[in-house]
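Take a moment to look at the sequence and the structure side by side before reading on.

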Amino acid sequence: MRRLPIYFLLDTSGSMNGEPIEALNNALSGMINNLRSDAQAAETLWISIITFDREVKEIVPLTALETFQLPEISCPESGPTFTGKALEVLYDKVTKEIRKGSPTQKGDWKPLLFVFTDGKPNDLQSYAEMIPKIKSLNFGAIVGCIAGNKDIATKLLELTNDVVHLDTADSSTLKQFFKWVSDTIEQGNKSMGTTDNVSLPPPPSEVHIVI
Amino acid sequence: MNDTKLYIQNLFAVKKIAIGQNRQQLFEDFIKKEDNEQIVKTIIEQQNYLMDKWELKNRVADIIAQQLTIPNATVGKLYKFKIDFEQLNLTDLIHVECFGLEEMGLAFNKNESIIEGIPNQNGELSFKLLFKIINEAEDSIPNEKIIPIVINADPKTLWKDIPSNRAAPFWKKDDIIASGKLGDKKIVVASKRGRSHENVGSFRDDDFSFKLIEEIGWSAIAVADGAGSYPLSREGSRLACIAVIDYFEKHLEKETLEDFEHKIFEQQKSNGEDLLNEIKVLSKQILYKAVLFSHQQIKNLAEQIEVSSPELFNNPKAKNALDYFHTTLIFTLFKKFDFGYVVMTFGVGDCPIAIVNKEQTETTLLNWLDVGEFGGGTRFVTQADIFHSQEHPMASRFNFKIMADFSYLFLMSDGIYDPKFVVEANLEKHERWLEFLKDLQGENEENVKVDFSYENKEIADQLSTWMDFWSPGNHDDRTLAIVF
């Protein structure tokens, strides 16, 4: 069976502490629940969650949705945003975990990556170094999401053209965002050209596309 | 120093009551008084009792807070999980019971600490673990720990069957079947909308077409699979197939074909290597024109539709109108001669063509598949680059074969190949094709059988029923054409 691997890279730096992290937990849990009742997703989806602040943690290794259990995500009261370091860990994981098609192995669907952040990377050099490497992994889509301060979009746009902005990281906005994420995921398992990417569905009003 | 004295001394010290030098004897007498000794003993006992009680409460709170994750279950699937109390450091639990499992179709086997059963409802559910710990009173109320459990729905029940919109441009029937004669052989074909399309009300992207072109005596069969991520691919696949048949029927130059057949006859007599090579080149030229014709027909349509219905072309991903019609294409052209069958094939995309010899001792895969690094990544007849690719030369997409006879000739879309052969390498294995044949003949979970006897009039329906097989994760359109 073909797997559709989804990677979530979630910012848990100090600024996410409090209501935002609580809203993120709720929205993630709602999304997982939603995906469980989607026929296609229930059979093919594999999910990995990596959080980053001062430290990068793989809080759930790539796991089939059928057996997936979402842990409570917490964040420190303060601390930097090591996005570059997070991409390093991600690169490592993806190269090890993704199955490529060969005459004797069924290839995965192109993996999808969702990066959720509310701050500029504090490790700019490492971030810049990782960008070409991450791009070389040939994700079906890389979606960057910024909550709050829109100024940080330029940094994310270096990683992907698909960047969205949320005014706030409150419960209802995040819920809408992750609903859109699951719609995007449902686009991920269709036949396409060898070099094509996944098309993103139109986002809800709370989610603004950043150009 | 005895306990009583020490206790009272400490008590007085904490309370800042000093005992003067001149009162030492009085203090000694005081602690020796029997009732005071008794009082201290009682106090210590009470304190110990309080501490023990706290310890119990504390422990119970720890147990309630301790994360206890149990694996997810699935409706209709036997579930069995042993709660390993030792590993969880919960050996002090006594009188363990579970409450709320029955409603889910599960039960707790106390003796073996096993949760088991066949779940009957899905969701993010929870049940209560009722327990007491060692040293808690027999008659105390049991403590409650809530344990969450995820029960997945039975995947089969999640699929919806939403009809496709008949008013949409290029609507096509969800399922079609066909059977008939191709000279002295028979053909049966079925093409079905995949569950992934039924689930969202989209269209079947697969298609096929076949015909015995009486005038020339050649039979053509085409199968195409429209690209799921392009909105008008269903028409691309239909037109790709129709165009191939159309080309051989109406546009193939008679003299070229006569010359080609003549050379085949000659080669059969002379067995000349050079002539055979010349024939192979000619064969490619003949088929190539059909491929080009098919590509051109779709291109023409795309350009027309772009003018007449520009609103259909709103996908930012597509570079030109033709992209909307992306489709793979495989086809074969075969004819019976007195020395045997000449079978020619072409393929672009990930749909295989294979032929099994008369004795069923050998199967030949007649095309190579465009399979990318990732699932779904393939190539299309609608891509101009396939015609001049250095990496995957057009010439390598054709095949030419002469066989005394054959038992089966298969053309299938990836909706069949993915679940039944899984990987490309298996298509090269004769034994996998024999298994596939047995599967068709009834050796499958559903006991659905396709009867290949020539008198069977139900064969197309049987094939269609067979094609409903369940395979987790494989819910693409399915098309299978069999010449036998």
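In this predicted model, the meeting of the two chains involves 36 residues of chain B, which are in contact with 31 residues of chain A. On the side of chain B that touches chain A, at least two residues each come from strand S7 (143–152), helix H4 (155–158), strand S16 (377–378) and helix H10 (424–427) of chain B. Sorted by class, that side of chain B consists of 14 nonpolar, 17 polar and 5 charged residues. As for the confidence of the prediction, the model has an ipTM of 0.86 and a pTM of 0.86, while chain B has an average pLDDT of 95, with 100% of the residues scoring at least 70.

We can now turn to the interior. In soluble globular proteins, nonpolar side chains tend to be buried together. The largest nonpolar core here has 82 residues, and those that touch the most other members are B:Ala220, B:Ala222, B:Val223, B:Ala240, B:Val244 and B:Ala481. Helix H6 (residues 233–251) of chain B contributes 8 residues, the most to this core. If residues up to four places away in sequence are left aside, B:Val223 touches B:Phe208, B:Cys241, B:Ile330, B:Cys351, B:Leu411, B:Met412, B:Ser413, B:Thr479 and B:Ala481. There is also a second, separate core of 66 residues, and among its members are A:Ile21, A:Ala27, A:Ile142 and A:Val181.

Two packed helices are described by the angle between their axes and the distance between the axes. In chain A, helix H1 (residues 19–36) and helix H6 (residues 171–185) have axes that come within 9 Å and cross at roughly 35°, and this crossing of H1(A) and H6(A) is right-handed. The residues that make the contact include A:Ala23, A:Leu24, A:Ala27 and A:Met31 on H1(A), together with A:Leu174, A:Phe177, A:Phe178 and A:Val181 on H6(A). By class, the residues of this contact between H1(A) and H6(A) are 11 nonpolar, 5 polar and 2 charged.

Finally, consider B:Glu431, which has its place in helix H11 (residues 430–440) of chain B. Is B:Glu431 buried or exposed? B:Glu431 counts as exposed because 9 other C-beta atoms lie within 10 Å, and a residue is called exposed if that number is 12 or fewer. The C-alpha atoms of B:Glu431 and B:Thr363 are separated by 8.6 Å, although these two residues are 68 residues apart along the chain.

Notes: Residues are numbered from 1 along each chain as its sequence is written. Chains are lettered from A and ligands numbered from 1 in the order in which they are written. This is a predicted model: local features need pLDDT of at least 70, side-chain atom pairs count only at pLDDT 80 or more; totals for chains, interfaces and linings use all residues. Two residues are in contact if their C-beta atoms, placed from the backbone, lie within 7 Å. Helices (H or I, at least four residues) and strands (E, at least two) are DSSP runs, numbered from the N terminus. Ala, Val, Leu, Ile, Met, Phe, Trp, Tyr, Cys and Pro count as nonpolar, Asp, Glu, Lys and Arg as charged, and the others, Gly among them, as polar. A nonpolar core is a set of buried Ala, Val, Leu, Ile, Met, Phe, Trp, Tyr and Cys residues joined through C-beta atoms within 7 Å. A residue is buried if 20 or more other C-beta atoms lie within 10 Å of its own, exposed if 12 or fewer, and partly exposed in between; C-beta atoms are placed from the backbone. Axes are lines fitted to C-alpha atoms, for helices over the stretch in contact, and angles run from 0 to 180 degrees between N-to-C directions. A crossing is left-handed if the near helix is turned anticlockwise from the far one by less than a right angle, and right-handed if clockwise. pLDDT is the predictor's confidence in each residue, from 0 to 100.
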